[in-house]
Amino acid sequence: MGDYAKALGGKLRAIRQQQGLSLHGVEQKSGGRWKAVVVGSYERGDRAVTVQKLAELADFYGVPVAELLPEGRVPSGSEPATKIVINLERLQQLPADKVGPLARYAAAIQSQRGDYNGKVLSIRAEDLRSLSIIYDMTPGELTDQLIEWGVLPPEARPTA
């Protein structure tokens, strides 16, 4: 099998291990629905997994199917993965009641990346979409708000 099957298998293995399950544990927990030898062959990339089986495995593990797919292979819509640069120094100057969710989100990304320069932080358009849900705004409205706060530069506003 190819590199994609091996990458997919690696994701399957990582999810299983995060849940503290051995291959035999999967078989036991699933009541025999998922045989250890079959799941192991999916994880090694030795056996092709159908979309239907992948959806069933995702359901069994309690994760979205997208979590099982290798990075960089899932189209995220028609727009490019634009980087958005947040001014962290300005963010720290704003009242926590306004920017609390954004500050916590930025801190989590910094921690995940081990990036503590403290001046700017690049995030992706999909991060902005997640933040817009938290703020109960559209991504465009949130972009306007962040520009108004001085956290994003005016050129961050998408052109029509």
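This report describes salt bridges in a predicted model.

## Basis

The model is predicted, so local features need pLDDT of at least 70 and side-chain atom pairs count only at pLDDT 80 or more, while totals for chains, interfaces and linings use all residues. Residues are numbered from 1 along each chain as its sequence is written, and side-chain values use heavy atoms, with hydrogens and water left out.

## Salt bridge count

A salt bridge is a side-chain nitrogen of Lys or Arg within 4 Å of a carboxyl oxygen of Asp or Glu. Under this rule there are six salt bridges.

## Arg16 and Glu43

Arg16 and Glu43 form a salt bridge through their side chains, at 2.6 Å from N to O. Arg16 lies in helix H1 (residues 3-18) and Glu43 in helix H3 (residues 36-44), so the pair ties together parts that are 27 residues apart in sequence. Helices here are DSSP runs of H or I with at least four residues, numbered from the N terminus.

Arg16 is buried at 7% relative accessible area, and Glu43 is also buried, at 2%. Buried means under 20% relative accessible area, exposed over 50%, and partly exposed in between (1.4 Å probe, protein chains only).

## Arg124 and its partners

Arg124 is partly exposed, with 38% relative accessible area. Its side chain meets that of Glu126 in a salt bridge of 3.5 Å, N to O; Glu126 is partly exposed at 39%.

Arg124 also forms a salt bridge with Asp127, where the closest N and O atoms are 3.5 Å apart. Asp127 is buried, with a relative accessibility of 7%.

Notes: Helix = DSSP H or I, 4+ residues; strand = E, 2+ residues; numbered from the N terminus.
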